[in-house]
Amino acid sequence: QARSALGPALDKATGTLLYNAAARLKDPKHLGFLVGYIARREILTDLQLNAALEYVRSHPLEPLDAADFEQACGVGICITPEQIEEAVEAVISKHRAELLAERYHFNMGLLMGEARNRLRWADGKTIKNEVDLQVLHLLGPKTEADLEKKPKGAKARLAPAEKQKVAVVENGDMGTETQSLLEQLRGEALKFHKPGENYKTEGYVVTPNTMALLKQHLAITGGQVRTRFPPEPNGILHIGHAKAINFNFGYAKANGGVCFLRYDDTNPEKEEEKYFTAIREMVEWLGYQPYAVTHASDYFDQLYTWALELIRRGQAYVCHQKVEEIKGHNPPPSPWRDRPVEESLLLFEDMRKGKFAEGEATLRMKLVMEDGKMDPVAYRVKFTPHHRTGDKWCIYPTYDYTHCLCDSIEHITHSLCTKEFQARRSSYFWLCNALDVYCPVQWEYGRLNLLYTVVSKRKIIRLVETGAVRDWDDPRLFTLTALRRRGFPPEAINNFCARVGVTVAQATMEPHLLEACAREVLNEQAPRAMAILEPLKVTITNFPAPKALEVLVPNFPADESRGFHKVPLHPTVYIEETDFREEADKGYKRLAPGQPVGLRHAGYVVAVQNIIKDVSGRVIELEVTCTKSDMAEKPKAFIHWVSEPLACEVRLYERLFLHKNPEDPSEVPGGFLSDLNPDSLRVVHNALVDSSVLSAQPFDKFQFERLGYFSVDPDSKEGKMVFNRTVTLKEDPGKA
């Protein structure tokens, strides 16, 4: 068609446009229409082609209105050099003062963008040439100063409202300034389709019923964004799920929509009540409220009805190949693929009635998936009572069958899932269209993985069974329940997900980056307290009062407006053993004979008077004298202390595994259980903490001054509190 219109003189620019049109227009229905405009040189630029493709995608079924199409694509509009000159002149005049001040360091792209907005169909290269010419005329040639790199501080010249903070993940490091997750997800809305415009998505299959189904969909949802978080209730959520939760709930929230929590409970053998409960708890702990809590099993009746319809339409059949026979990418074709519809209907009913043993029959769908997998299973026989439906069913639907249809029932607009499900996108569209039901759009994003850990249910069970960890919530794991128990605030986990960013690529992160997020949040949230891990008794021989003194300690020393708490100061106090040395080495600033120290917050300086040792020569007590701080020379250091303290247990955690990838045979040939860190847990049984924490409840968080951030463990009981160290105060350089 193009060749007949142009004859042999097909120029390179026209040929490129024709190639791009053919490559990018997935639906060939309107290709001839579009090619005609390119061949007649009525569409001349990439800009016009982009507009033409967008117009065609927006009108998938109806005959195209030529006049409307031409207006949308700028056909026949001729932009003169004079118009371009005037538009660029107006833009440069607007920014004249900044241009003269910043010269060639000014963002010239801004001038280009504004000129393009004034003349939508103008050629980009022509505009750029005109901008370069007029800027040269205004500023003259570049000087040496113009050629110097723009100083880093100058990057933030935008007005505060225009600044954007972008997540940076480079060489395992992450910038501290990050665009909030909601801001990122509002940005994603620009890439995703609008509700009801599913057909604009590349690869979306349009059928004669699509537009009517989308119209019904919009009538039900009112154009609202709808997402869902669909976990299987067969394990505890881990750090990777936190990204999924943030993405699904966050995208809905950022765009004024709703998110369903839907349990994918199609495998009755692996489901337990504790998983249902824990999943919802973790979603709410991260700060999200589901619009509705649903289950795939809510729709079992409808799914079964649709399976019968799929058979009637010749799109599914009952097969007797064994599981082993159909595994892999090149299994033999099923000899039952073309069995009569009535026969499959009868056999499927027999499956439902329990007439086949497990593995003797499956219902398979007639399609080939992207990864080459042929005829995926839709239903299989399982004689296992279901957590919610009891013995009603002995056939259960698979993920490949259930997922898209549940999305359709709930009128999900954006089915967000991790990248490994990309191979199932075609089957997602195929099944909805095969049944003529509303078809949502599946979008994929990259998984979030963490080094130095395992997250699979099977491996965590092995860790529990072998006694390597106590349970799913052992604070050395990276399940969400474990992170909560260790003391990670939910805001830190959400901030971590924001810093990783809404990426399509898989992200594998270092644990210390998550710990950095925890420090930032805990520094603002965790009130200060004083605790001693290895106590050394200190007796003040000249205690200045007949009874205990009350010391006011700020909850947040950097902001005393956030209140104080009281701790007692008695003649007997306890300090860390490591805060005393009998001989002060060079550079040592804490307590030693002849080297006094200050007691934090107390207003007193203490000096060693006498050292008491046991029979083995170990120091067991110090006798000291005290002087008011304002009367004494300023000491080299101030140390923390406790007086009349509470006994407590403190659990100090390190990485559970020694290598970054404990599941990688090349890194750990003996398997992940051989890579356990023997020092991953150290328990301090006889620690002491000041009395300000007496009324603390499980999961309450504190900064123990100079020691780190700690959280009250649920094992705490009256008379013996237990604290988990969440993170140290500063990052260990050896872990970075």
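Helix H21 (480-486) and helix H23 (511-525) each contribute at least two residues to the lining of the largest cavity; helices (H or I, at least four residues) are DSSP runs, numbered from the N terminus. The model is a predicted one, in which local features need pLDDT of at least 70 and side-chain atom pairs count only at pLDDT 80 or more, while totals for chains, interfaces and linings use all residues. Residues are numbered from 1 along each chain as its sequence is written, and side-chain values use heavy atoms, with hydrogens and water left out.

A cavity is a set of points on a 1 Å grid over the protein atoms alone where a 1.4 Å probe fits but cannot get out, and lining residues have an atom within 4 Å of a point. Grid points are joined across faces, edges and corners, and a volume is the space filled by probe spheres set on the points. Four cavities of 30 Å³ or more are counted by this rule. The largest cavity holds about 120 Å³ of space. Its lining consists of 14 residues, and Phe478, Arg486, Pro511, Glu515 and Arg655 lie nearest the centre. Eight of the lining residues are nonpolar (Ala, Val, Leu, Ile, Met, Phe, Trp, Tyr, Cys and Pro) and six are charged (Asp, Glu, Lys and Arg), with no polar residue (the others, Gly among them).

Helix H2 (residues 12-24) packs against helix H4 (residues 46-58) at an angle of about 25°, and the two axes are 11 Å apart. H2 and H4 are therefore roughly parallel (under 35 degrees). The contact (heavy atoms within 4.5 Å) involves Leu17, Asn20, Ala21 and Arg24 of H2 and Asp46, Leu49, Asn50, Leu53 and Arg57 of H4. Four nonpolar, two polar and three charged residues make up this contact.

Between helix H8 (residues 108-118) and helix H9 (residues 124-139), the packing angle is about 125° and the axes lie 10 Å apart. The crossing of H8 with H9 is right-handed. Residues in contact include Met108, Leu111 and Met112 of H8, and Ile127, Val131 and Val135 of H9. The contact of H8 with H9 comprises seven nonpolar, one polar and two charged residues.

Helix H15 (residues 300-312) and helix H17 (residues 341-352) have axes 9 Å apart, at an angle of about 155°. H15 is thus roughly antiparallel to H17 (over 145 degrees). H15 passes H17 in a right-handed crossing.

Note on methods
On a 1 Å grid over the protein atoms alone, a cavity is a set of points where a 1.4 Å probe fits but cannot get out, and a pocket is an open set with protein on both sides within 12 Å along at least five of seven lines; lining residues have an atom within 4 Å of a point. Axes are lines fitted to C-alpha atoms, for helices over the stretch in contact, and angles run from 0 to 180 degrees between N-to-C directions. A crossing is left-handed if the near helix is turned anticlockwise from the far one by less than a right angle, and right-handed if clockwise. Angles under 35 degrees count as roughly parallel, over 145 as roughly antiparallel, 65 to 115 as roughly perpendicular and the rest as oblique.
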